[in-house]
Amino acid sequence: MSESISGFSKLSKSKKIDWIVNTYFSNADEAKRILEQYWHIDEKIQQLHDEFIENTISNYYLPLGVAPNFLINGKLYTIPMAIEESSVVAAASKSAKFWLDRGGFKTKVISTTKIGQVHFMYHGNKKTLESFFSYLKPLLFKDAKPITKNMEQRGGGILDIELRDKTNDIKGYYQLHASFETLNAMGANFINSCLEQFAKTFKSEALIFDAFSEEEKDIQIVMSILSNYVPDCLVRAEVSCKVEDLNEDNTISAEEFASKFIQAVNIAEVEPYRAVTHNKGIMNGIDAVVLATGNDFRAVEAGIHAYASRNGRYSSLTHAKVEDGVFTFWMEIPLALGTVGGLTGLHPLVKLALELLYNPSAKELMQIVAVAGLAQNFAAIRSLTTTGIQKGHMKMHLMNILNQFGANDHEKAVIIDYFKTHTVSHSAVVEALKNLRANK
């Protein structure tokens with residue numbers, strides 16, 4: 001077992017790597033070589049990457065792919081996607097092409113409100129606290145002015161602050177529940193700065209509020225933090241066409257396809273075991289674009305999955321129906337995204353990805369990201385209800401298996417051609433590669 005180390009963060013990058021490779025790896029030179037081969041050849045770009053986080057030792061690469069032919073509200077997009085899963089970009093591209101000739105995707109932003117809270121403990125008279133809050137609320141806005149000034153000039157800022165009684169959940173627990181508009185910024189730092197100022201004003205004013213007893217003045221601020229649950233920061237994406245226009249597969253009629261598709265969505269609406277995998281497929285598309293555009297995919301994931309549980313049971317994010325002969329597939333999801341601040345102005349590939357998307361506003365990016373998720377889900381359900389998920393997925397996974405076993409270019413060409421007419425599985429690929437090598 002290795003020993004602990006003090007002052008690791010203060011070591012130079014070189015000394016950090018030396019300690020790591022000599023402590024944890026049987027071949028220290030090889031481990032160091034692998035770490036260094038992923039460094040950027042441009043020292044300034046590498047320094048930029050080093051300074052994104054603490055204790056950077058190398059860069060971790062993910063493929064950056066693109067899915068073309070997305071028609072969104074009449075405008076054509078090529079969507080950047082950063083992801084390691086083999087079939088995601090192919091599936092998104094296939095969906096985009098399918099809907100390109102059927103009117104494309106329609107989207108709209110429903111609302112853009114974000115939330116932050118000051119959590120505190122108060123064990124006095126509730127009416128007195130309410131009276132204090134009525135007096136305090138204008139001061140909260142006033143004292144936050146130095147923070148909100150620039151945001152307000154752009155049309156954003158603090159929308160409202162409420163006092164919420166949560167004592168039924170925890171004795172003495174209350175909140176300052178604040179709503180914000182942060183425009184093109186994701187707004188985490190802005191919101192958290194406002195909340196911490198609220199807490200400071202709240203605490204100091206409580207000490208001089210005459211109606212409070214000495215005990216009531218002793219309010220405990222537990223924490224001040226934004227929420228990644230943003231049910232009022234919503235975007236809708238949908239596709240629709242006549243049922244007969246769904247027909248693209250000779251093995252199934254358009255009517256049967258629509259019926260099976262809707263049943264598959266209905267199952268995900270009522271069966272949590274299915275809903276989790278169903279929604280994970282949606283997030284394959286969403287996360288890939290969120291990551292490519294320098295946004296916080298963990299926050300997006302947490303907020304969307306919470307939204308999927310808002311009615312007390314985890315359920316499908318997408319919905320489908322046929323009315324008057326028209327098939328409609330849609331989704332409404334919460335998305336808190338930014339196109340300024342954070343990595344969006346720093347990471348060279350993020351800047352490139354945003355330019356590829358015509359440098360969208362936060363609202364426009366919300367719509368693009370939602371479409372990527374809807375397209376991914378359409379592709380998955382389409383496969384599940386027709387050919388099955390493994391046929392397309394395993395063909396995309398074929399190259400990973402070949403690379404795993406060190407296949408050369410000739411072997412790859414032969415094996416890929418062979419599996420055009422054979423079922424792909426890990427064992428089948430290994431066996432085919434073994435036979436090919438044996439017959440050389």
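Exposed means a relative accessible area over 50%, buried means under 20%, and partly exposed covers what falls in between. Keep that scale handy while you work through these exercises on a predicted model.

**Exercise 1. Sort the two partners of the D296 and R298 salt bridge by accessibility.**

Step 1: Start with the pair itself. The side chains of D296 and R298 meet in a salt bridge, with N to O at 3.2 Å.

Step 2: Take R298. Its relative accessibility is 52%, so R298 counts as exposed.

Step 3: Now D296. At 32%, D296 counts as partly exposed.

**Exercise 2. Find out where K32 and D18 sit, and how they meet.**

Step 1: Look for the two side chains. K32 and D18 form a salt bridge, 3.0 Å from N to O.

Step 2: Check the accessibility. K32 has 25% and counts as partly exposed; D18, with 27%, is partly exposed too.

Step 3: E323 is partly exposed at 48%, and K321 is partly exposed at 32%. There is also a network of salt bridges that links R236, E238 and E332.

**Exercise 3. Which residues of helix α12 are buried, and on which side do they lie?**

Step 1: Go to α12, residues 348-356. The buried residues here are V350, A353 and L354.

Step 2: Look at their directions around the axis. They cover an arc of only 95°, which puts them on the same side of α12.

Step 3: Recall the general rule. An α-helix has 3.6 residues a turn, so residues three or four places apart point the same way.

Step 4: Turn to the other face. Away from the buried side, α12 carries the exposed residues L352 and E355.

Step 5: Ask what lies over the buried side. The cover includes β2 (75-82) and α10 (272-292).

Step 6: Step past the helix. Y358 follows α12, and its phi is positive, near 65°.

**Exercise 4. Is F70 buried or exposed, and what does it touch?**

Step 1: Find F70 in strand β1, which runs over residues 64-72.

Step 2: Read its accessibility. F70 has 0%, so it counts as buried.

Step 3: List its contacts, leaving aside neighbours within four places in sequence. F70 is in contact with K75, L76, Y77, I79, A92, A96, F105, V371 and A375.

Step 4: F70 and F8 are 62 residues apart in sequence, and their C-alpha atoms are 47 Å apart in space.

**Exercise 5. Describe the surroundings of T328.**

Step 1: Locate T328 in strand β10, residues 326-334.

Step 2: Compare its relative accessible area with the cut-off. T328 has 11%, so it is buried, as buried means under 20%.

Step 3: T328 is in contact with E238, V239, S240, H319, A320 and K321.

Step 4: Link back to Exercise 2.

Notes:
Residues are numbered from 1 along each chain as its sequence is written. This is a predicted model: local features need pLDDT of at least 70, side-chain atom pairs count only at pLDDT 80 or more; totals for chains, interfaces and linings use all residues. Side-chain values use heavy atoms; hydrogens and water are left out. Helices (H or I, at least four residues) and strands (E, at least two) are DSSP runs, numbered from the N terminus. Buried means under 20% relative accessible area, exposed over 50%, partly exposed in between (1.4 Å probe, protein chains only). Contact means heavy atoms within 4.5 Å. The arc is that of the directions from the helix axis to the C-beta atoms. A salt bridge is a side-chain nitrogen of Lys or Arg within 4 Å of a carboxyl oxygen of Asp or Glu.
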